[in-house]
Amino acid sequence: MSPRLLLAAIASLVSTACRGAPSEEPPIVPIRNMFDQPRYDPQQASPFFRDGRAMRPLVPGTVAREMEPDLVVATGWSDAEDSWALRVPPAVLGAMGGPERLLARGRERYDIYCAPCHGLGGAGDGPVARRAGGAITPPTLHSAAMRHAPDGQIFATISNGVRNMPSYRHSIPTNDRWAIVAYVRALQLHAVEGGGG
């Protein structure tokens with residue numbers, strides 16, 4: 001048999017053997033430790049630990065790599081003062097490049113996330129509120145309660161939501177939420193100086 005003929009026979013045999021049909025045979029896995037890994041499923045019990053849980057609780061004080069280490073910046077709450085932060089934290093102001101950039105970013109984020117309900121001026125007359133026909137009435141940002149609320153409390157409201165307002169923690173980064181707070185203060189100041197609200 002000639003070598004060309006032998007090669008053609010082998011090629012045709014190989015091509016017919018690889019048709020992709022399901023096999024009843026177990027798969028051939030040369031490195032078994034990648035195929036059968038000893039592990040626990042979520043919520044599975046483990047005799048190794050005294051409490052019987054395989055899922056271990058976090059070590060107290062653990063901070064994930066992507067978490068904000070400053071709790072005032074992350075939550076708006078100051079444990080040292082046992083109250084909401086009164087102003088936007090200086091660390092955020094510095095990270096955003098100063099007050100002008102903070103306000104510009106706050107206006108941009110406010111127009112995207114807040115204006116649909118609260119309106120461009122903060123009066124609670126956004127397009128969502130108008131279309132709802134009174135079923136949804138976002139509060140005005142110019143009320144006495146909002147003007148006297150600490151910045152940290154407004155930040156926490158944006159982060160966690162309240163009543164019909166959803167949480168924006170996962171949609172808006174931390175510094176952008178503080179920028180929105182600064183822009184809300186600018187809207188309130190403009191309304192007072194302009195005689196509106």
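Student: What should I know about the numbering and the pLDDT limits?
Tutor: Residues are numbered from 1 along each chain as its sequence is written, and side-chain values use heavy atoms, with hydrogens and water left out. As the model is predicted, local features need pLDDT of at least 70 and side-chain atom pairs count only at pLDDT 80 or more, while totals for chains, interfaces and linings use all residues.

Student: How many aromatic pairs are there by the rule?
Tutor: The count comes to 5, where rings of Phe, Tyr and Trp (its six-membered ring) pair if their centres lie within 6.5 Å, with planes under 30 degrees apart called stacked, over 60 edge-to-face and the rest tilted. One of them is the tilted pair of Tyr110 and Tyr183, at 5.4 Å centre to centre and 55° between the planes.

Student: Where do Tyr110 and Tyr183 lie?
Tutor: Tyr110 is in helix 4 (residues 99-118) and Tyr183 in helix 8 (residues 174-194), so the pair ties together parts 73 residues apart in sequence; helices here are DSSP runs of H or I with at least four residues, numbered from the N terminus.

Student: And why is the pair of Phe155 and Trp178 stacked?
Tutor: Because their ring centres are 4.2 Å apart and their planes are at 10°.

Student: Is Phe155 buried or exposed?
Tutor: Phe155 is buried, at 0% relative accessibility, where buried means under 20% relative accessible area, exposed over 50% and partly exposed in between (1.4 Å probe, protein chains only).

Student: Changing topic, what does Pro139 touch?
Tutor: Leaving aside neighbours within four places in sequence, Pro139 is in contact with His118 and Gly124, contact meaning heavy atoms within 4.5 Å.

Technical notes:
Helices (H or I, at least four residues) and strands (E, at least two) are DSSP runs, numbered from the N terminus.
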